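Trainee: I would like to go through this model with you and ask, for each label, what stands behind it.
Mentor: Then let us take the labels one at a time.

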Amino acid sequence: MSVLPLVFTSGWASGINAYAVVLLLGIFGATGVTDAVPESLQRPEVLVTAGVLFLCEAVADKIPYVDSVWDSVHTVIRPAAGAWVGAVLAGHSGSMNDVVAGLIGGSSALASHTVKAGTRMAINTSPEPFSNVIMSFAEDLGVGGIVSFAMFHPQAAAIIAAVLLVAGLTVLFFLISRIRRFLRRRAQRREEKQLAAQVGHPPGRPPDQDPW
């Protein structure tokens, strides 16, 4: 059976939470749930590292604005992880070229990461923090559920991941204008603060100096 559905699904999931994907696949392989996972993902040091980083992401991903900074840092990490997972899965299976699998896994990870990062930026335009927490839990549960489902029904899981990816890209398209307005307002507030600081403290005189 071709490993393509699992490669695509793991890539999509890596774009949302790469550490959860590595951790889940490693656990499934180490416990004998599936033989589709290579030993490189089952190594204890890989599982421990993925587990620690997953916990870090679980915290950072639920804090407004911190989540967007975390997403920015992972713009390269998540697609790279998706490409790596796809390549090792293909290499273990032998039913697909490693390079092709890496490209598919990395591309799907980049697409889903773009949806995640853009959606979080839109959510951060709201003053309340609860939507970040709810969205983060939904993403974690979605990744865990679909990756687990892919172990037993890879084709069906790939279809679900593809539908979610298309739906996410569509939603992001309509959110772009809201994100742009938010970024313009934030830049304007920053300029106003800088201007107010310059007016309140003219150049050449310390802020606490009495002009008289």
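Trainee: What makes Arg184 count as exposed?
Mentor: This is a predicted model, and in it Arg184 has a relative accessibility of 53%. Exposed means over 50%, so with 53% Arg184 counts as exposed. Arg184 is found in helix α6, which covers residues 154–200, and it belongs to a patch of positive charge on the surface together with Arg178, Arg180, Arg181, Arg185, Arg189 and Lys193.

Trainee: Why is Val59 called exposed?
Mentor: The reasoning runs along the same cut-off, over 50%: the relative accessible area of Val59 is 53%, and therefore Val59 is exposed.

Trainee: Why does Tyr65 count as partly exposed?
Mentor: Partly exposed is the range between the limit for buried, under 20%, and the limit for exposed, over 50%; Tyr65 has 41% relative accessibility, so it counts as partly exposed. Tyr65 lies in the loop between α2 and α3, and its phi is near 70 degrees, a positive value in a residue other than glycine.

Trainee: What makes the contact between Glu57 and Arg78 a salt bridge?
Mentor: Side chains of opposite charge can pair when their charged atoms come close. For the side chains of Glu57 and Arg78, the N to O distance is 3.1 Å, and the cut-off is within 4 Å, so the pair meets in a salt bridge. The pair links distant parts of the chain, with Glu57 in helix α2 and Arg78 in helix α3 (residues 66–93), 21 residues apart. Both Glu57 and Arg78 are buried, and the structure holds nine salt bridges.

Trainee: How do you know that Arg120 and Asp67 tie together parts that are apart in sequence?
Mentor: Arg120 forms a salt bridge with Asp67, with the closest N and O atoms 3.0 Å apart. Arg120 lies in helix α4 and Asp67 in helix α3, so this pair ties together parts that are 53 residues apart in sequence. Both Arg120 and Asp67 are buried.

Trainee: What distance separates the closest N and O atoms of Lys116 and Asp61?
Mentor: The closest N and O atoms of Lys116 and Asp61 are 3.1 Å apart, and the two residues form a salt bridge. This pair also links distant parts of the chain, since Lys116 is in helix α4 (residues 98–123) and Asp61 in the loop between α2 and α3, 55 residues apart. Lys116 is buried, and so is Asp61.

Trainee: Which residues are linked in a network of salt bridges?
Mentor: The network links Asp61, Asp67, Lys116, Arg120 and Glu139.

Definitions and conventions
Residues numbered from 1 in each chain as written. Predicted model: local features only at pLDDT ≥ 70, side-chain atom pairs only at ≥ 80, totals over all residues. Heavy atoms only, no water. Buried < 20%, exposed > 50% of the residue type's maximum accessible area, 1.4 Å probe, protein only. Patch = residues over 30% accessible without salt bridge, like charges linked within 9 Å, V, L, I, M, F, W, Y side chains within 5 Å. Areas by Shrake-Rupley, 256 points an atom, 1.4 Å probe, with all protein chains shown as cover. Lys, Arg positive; Asp, Glu negative; His and termini not counted. Charge placed at Lys NZ, Arg CZ, Asp CG, Glu CD. Helix = DSSP H or I, 4+ residues; strand = E, 2+ residues; numbered from the N terminus.
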